[in-house]
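Please look through this model with me, one point at a time. Keep the sequence and the 3D view open together.

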Amino acid sequence: MKKFRNILATGMIAMMCLTACGSSASGSGSAANAPADSASTAKGSSAYDICYVSTVEDEWLSELLKDMSVSAKNNDVALEVKHAGNDSSKVIQCIEQAKAEGKEATIVNVAYSSDVTACVEAAGDMKLVFVNRLPEPDDYNLLGGNVAGVASDENLAGTFQGEFLADYFKEKEQTDVRYLLIQGPLDLSHSVIRSQKPLEILKDAGLNMIEVATISADYDRAKAQQGVESFLETGKEFDCIISNNDAMALGAIKALENKGIDPASIPIVGIDATADAVEAIQNGTMSMSVFQSAAGQAEAAIRIAKNLIDGKPAGEGTGCTVSDECDSLFYVPFEKVTSENVNDYAK
């Protein structure tokens, strides 16, 4: 009787999580019955059974989701996608559901960096891979054993932005630089690094950085456009725009154009090298970006999950560099994109 109650309780938990997590399809179901955007594949024909928990799918994260599906198919992985939105509790519920369903591993893009501890606890002895959004440095001790992380080194992205702007203003022989910063949520660790590192590089280069305004736009193009349009009403002058991602940089460009300001007249820098950003660099409205490989992170996350399942070193065969701070944290390289090499990134 006790065994029956346990089975019933597990089933009820799974049913509740299925509703909360917005699972695209059952891992044991047919991919043919899944929605068109589902990345799920049938377990019966695959060697590995893995779950991917996706949070808010902004422009770049949507690419990551698509590439995760491609990588799974290329690596003999049945991948079930669970959609949690920007909801920490749903992220945890999705991981608990994956564990209850007997998934061998779960790859998760957390809603917030502060969710990491709860994610590890929810996974228990199931393999867990954080992708793109990583633990704070104080939580690196949670990585190791069954848990690993893969992203790109945000310090390098900020360094590339800072170096580009330093060269630009040095060539103009300008030392006082008024900047407009457009940032993502500060409860994501990479937003903090992307906001701080370019300024650190610029100051180290001897420039006097003067903050005109900081706009929080949640990595969203429309929010950035609205925020910059409101800022422009103040009439304050500025010399450059530093954006935590391309979507917000493109929103700023649209805001400038709507106000009759030529975006090519000031340097605007972003991160991700999305297709729209590449086009903007080609036409001169955006100065530079930093390529973040969604395909590279997806492939590395899938391979790390497989390695953990097989009992191999987590980074084996991924081609990633290992973080100096944590040997279970792996980086896919960032690449600087400017007018000089932008055609190499055109799709």
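Predicted model: local features only at pLDDT ≥ 70, side-chain atom pairs only at ≥ 80, totals over all residues.

The points below cover a sheet, a helix lying across it, and a pair of helices.

1. Find the open sheet of 4 strands. Its order is β7-β6-β8-β9. The pairing is parallel. In general, strands of a sheet pair through backbone hydrogen bonds.

2. The edges. Which strands stand at the edges? They are β7 (208-216) and β9 (268-269). Each has a single partner strand, so one side of each has no neighbour in the sheet.

3. A pair inside the order. Strand β6 covers residues 176-183, and strand β8 covers residues 240-243. The two pair in the parallel sense over 4 bridges. For a place to start looking, take Tyr179: it stands opposite Cys240 in β8.

4. A helix on the sheet. Helix α5 (residues 154-171) lies across β6, β8 and β9. Against β8, helix α5 runs at about 175°.

5. Two helices crossing. Now turn to helix α2 (residues 59-74) and helix α10 (residues 294-310). Their axes come within 8 Å. They cross at roughly 45°, and α2 and α10 are therefore oblique to each other. The crossing of α2 past α10 is right-handed.

6. Who makes the contact. From α2, the residues in contact include Trp60, Leu64 and Met68. From α10, they include Ala298, Ala301 and Ile302. What classes of residue does the contact of α2 with α10 have? The count is 9 nonpolar, 2 polar and 3 charged residues. Glu63 and Asp67 of α2 are among the contact residues, as is Glu299 of α10.

Methods:
Residues numbered from 1 in each chain as written. Heavy atoms only, no water. Pairing = 2+ DSSP bridges. Contact = heavy atoms within 4.5 Å. Axes fitted to C-alpha atoms, helices over the stretch in contact; angles between N-to-C directions. Parallel < 35°, antiparallel > 145°, perpendicular 65-115°, else oblique. Left-handed = near helix turned anticlockwise from the far one by under 90°. Nonpolar A, V, L, I, M, F, W, Y, C, P; charged D, E, K, R; others polar.
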